[in-house]
Amino acid sequence: MKNILLLFFLLLICQNISHAQVSDIYSPGNRNLFADFLYCQKDYLRAADEYKEILQQSDLDTLFLKIGLSYLKSGNYDSSSVYFGKIKINSLLYDNSRQEYYKSQFLSNHFEEVEKGPYFYKPVDKLYKFSLLLGYKQLLPKEKFLRPFEVDEKPIVSDFYDRKLNPPYKNELTAAVLAAIIPGTGKIYTKNYTDGIFAFLSTGIMSYISYTDFKSHHQFRGWLFAGLGTFFYGGNIYGSIASVQIYNAGVNFNLNLDLKSYLENKNYFVPDYDFCK
Amino acid sequence: MIKITVIILFSVICINAQTDWVKWGKVDYSYQVKQQSPQRQYSISGDNAGETALRTLAVGYWFFISDVDGDNCPFSPTCSSFFLQSVKETNIVQGTLMFADRFTRDMDFIDRFSHYPLSKNRHFYDPPSLYTLNASKIKYIPSGESVEK
Amino acid sequence: MISVNKILLIFVLIIAPAFGQDYLDTQFIKGKVLFFNGEYFNAITEMKRLIFFDKEKKYAYEANQLIGECYKAGAKFNDAVIYFSKAEQSARSVEEIYDTRISIVKINILRRTNLRASTLLDALEKDQRFNNKKNDICYWRGWNYIFSNEWDSASQQFSKISPEHQLKRLCDSIDNKQYSVTEAKLLSYFIPGAGQFYTGNYFSGLLSLGWNILWGYTTITAFNANRIFDGIVVGELLWFRFYNGNNQNAKKFAIEKNIEISNEALFYLQHQYNGEKP
């Protein structure tokens with residue numbers, strides 16, 4: 001009898017232990033472990049959802065930061081800004097969160113918010129300068145512009161500054177005049193060499209055929225090829241002007257691409273928090 | 001060897017985890033295959049009499065000539081569609097000049113890959129919006145890049 | 001002699017771990033319920049949680065397999081293949097290995113990477129462990145051929161299972177209805193427009209024929225009249241262009257018609273056929 005009772009109580013204890021284990025994987029500690037695992041697997045949306053579940057039970061700034069980072073890395077900048085903004089000023093993570101907040105604002109092109117960022121956060125100041133390079137506002141004088149950048153960053157940023165201030169644009173009027181004088185040269189001016197050659201040939205051949213037809217008193221054919229020659233000549237001038245605009249758009253595009261590539265390499269000047277190590 | 005395999009597998013997992021950055025649900029995919037060649041719009045209705053007349057000519061050209069002489073235009077949209085869209089976006093004179101320029105570029109068979117992006121049907125993507133002389137309408141796409149059009 | 005208390009203690013120690021595994025079972029059931037309710041994204045989360053906490057990898061196979069099924073339902077085929085492959089690594093029996101490999105074959109059929117599916121099926125056929133699965137492998141080979149529009153080859157595969165197999169009869173009827181692209185092109189090479197007549201595009205065929213006759217006649221008369229330049233220009237820019245177009249159209253119309261015929265069959269297979277599908 002005693003042994004049966006003992007067995008009964010031992011089994012009851014085991015049952016309680018197992019029940020504790022049933023809800024164990026949903027405990028804040030285990031959820032946090034699982035969320036960190038998801039974050040390190042780059043499964044950011046799931047990680048953010050897990051961190052948010054823990055928030056319901058505890059209110060830690062670390063969690064706000066992790067949720068913000070999860071949303072930031074998955075491209076959800078608006079949500080990331082919200083969570084970075086929840087970290088209080090007296091928190092140890094406040095400075096980190098502010099920098100991440102302004103990084104989110106920069107990535108979502110809210111440059112007016114970045115402008116409001118405090119200048120004693122060097123990364124934010126650098127981001128603001130890059131927003132000027134991306135066309136937010138007029139560039140500052142070079143010395144003032146380069147001030148927040150490190151010594152090893154200055155040569156590259158200085159190059160970006162020069163490219164923005166004096167972009168290697170082509171001139172539309174120049175292209176039009178060149179094309180009017182010698183068909184095809186307007187296109188060659190914008191580095192469309194083969195287009196220029198074909199524009200020259202098409203205008204030239206039509207004009208020559210028209211000339212020989214008129215000389216042989218073939219009036220109809222003469223006017224026909226003269227019309228075609230005019231058609232190609234007009235197209236050549238128009239196309240030269242259009243090619244200048246496309247060329248200049250390409251200059252802007254390549255500059256923006258280089259800027260974004262540089263910023264990505266630098267993680268937007270904000271320290272990277274790798275808690276996956 | 002195992003480490004490299006694990007690293008590659010991990011990288012593949014990481015890259016593929018990006019599909020779960022947005023919540024998704026069930027997709028009703030179809031076994032059926034889409035037709036390969038794009039279907040033309042043969043409507044002749046336009047906003048005004050001029051556009052209707054132009055569309056009638058274009059549809060006539062498509063029906064009796066273009067649909068019969070094969071797929072010769074390397075560009076997307078085709079030259080005839082380019083002309084119609086150019087006139088619609090600008091006016092008859094400017095549209096004609098845009099078409100003349102397009103015709104010249106069409107003759108240039110050398111080195112297209114270094115000038116134009118590629119459309120879905122493997123033609124060179126060359127929309128009229130690049131040539132309206134309105135710089136704000138230009139959406140620059142680098143050459144060789146694929147476009148979902 | 002061991003005392004009763006010690007026996008009891010040993011007995012309890014054996015029973016206790018069994019109770020401890022409840023949470024993994026519960027977690028697995030939770031994931032399955034989400035899957036059957038169509039909440040695939042959340043089902044994947046719960047299965048990943050199960051895998052993370054399952055240190056002994058008791059559920060590694062089932063969990064990865066279910067994640068693969070979830071991704072398949074969401075048409076995320078690349079992800080599905082990854083998790084089916086992980087399930088295969090955790091498989092505990094030949095049957096489980098076979099099931100996951102067939103799941104991968106089905107994914108390759110659905111996303112029309114037919115060469116890959118064929119390679120996988122070849123490997124399955126050569127594997128001695130699956131000698132009893134020959135019919136099943138033929139079945140999926142047939143489906144692979146269906147999805148690559150090779151209805152005659154598909155029919156041959158189904159006939160290996162049974163000469164009167166339902167899918168064999170379907171494949172035969174589709175194969176008979178379809179047009180031969182080679183035949184259409186050959187007809188067009190000899191008589192412009194004939195390829196289009198073959199595929200039922202009569203108006204296009206007539207136009208092709210008319211243009212080719214017109215420009216052919218113009219070219220020949222130009223050469224006959226010693227207008228060589230005119231002959232070359234008309235022949236090259238017009239006659240050759242329309243002749244080429246005629247060949248392109250013959251091929252294009254044959255392919256288009258075949259796609260229409262295939263799509264009818266594929267619609268039936270997807271929505272009305274009761275057998276196993278990819």
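Predicted model: local features only at pLDDT ≥ 70, side-chain atom pairs only at ≥ 80, totals over all residues.
Colleague: Which residue with a positive phi follows α14(A)?

Modeller: Once the helix is over, the backbone takes a phi near 50 degrees. For most residues other than glycine, phi is negative. The residue that follows α14(A) with this positive phi is Asn267(A).

Colleague: Which helix gives the largest share of the side of chain A that touches chain B?

Modeller: The contact draws 27 residues from chain A and 23 residues from chain B. On the side of chain A, α3 (44-55), α13 (193-215) and α14 (219-265) each supply at least two residues. By class, that side has 12 nonpolar, 11 polar and four charged residues. The largest share, 14 residues, belongs to α14(A).

Colleague: Moving to chain B, in what order do its elements run from the N terminus on?

Modeller: Chain B holds four helices and two strands. Buried residues make up 21% of its 149 residues. Of its contacts with a separation of 6 or more, 58% are between residues 24 or more positions apart. Read from the N terminus on, the order of elements is α-α-β-α-α-β.

Colleague: Which two residues of chain B are joined by a cis peptide bond?

Modeller: Most peptide bonds are trans. In chain B, one bond has an omega of about 5 degrees, which is cis. The proline involved lies in the loop between β1 (75-76) and α3 (79-89) of chain B. The two residues joined are Ser76(B) and Pro77(B).

Colleague: Is Leu133(B) buried or exposed, or something in between?

Modeller: Leu133(B) sits in the segment after β2 (124-125) of chain B, and its phi is positive, about 65 degrees, although it is not a glycine. A buried residue needs 20 or more other C-beta atoms within 10 Å, and an exposed one has 12 or fewer. Leu133(B) has 16, so it counts as partly exposed.

Colleague: Over in chain C, how do the buried residues of α2(C) lie: what arc do they fall within?

Modeller: α2(C) covers residues 22-36, and its end C-alpha atoms are 21 Å apart, in agreement with the 21 Å its 15 residues should span. Its buried residues are Tyr23(C), Leu24(C), Gln27(C), Gly31(C), Leu34(C) and Phe35(C). In an α-helix, residues three or four places apart point the same way, because there are 3.6 residues a turn. The buried residues of α2(C) line one face of the helix, since they fall within an arc of 120 degrees.

Colleague: And which exposed residues are on the face of α2(C) turned away from its buried side?

Modeller: Just after α2(C), Gly38(C) takes a positive phi of about 85 degrees. On the helix, the face turned away from the buried side carries three exposed residues: Ile29(C), Val33(C) and Phe36(C).

Note on methods
Residues numbered from 1 in each chain as written. Chains lettered and ligands numbered in written order. Contact = placed C-beta atoms within 7 Å. Nonpolar A, V, L, I, M, F, W, Y, C, P; charged D, E, K, R; others polar. Expected span 1.5 Å × (residues − 1). Arc of directions from axis to C-beta.
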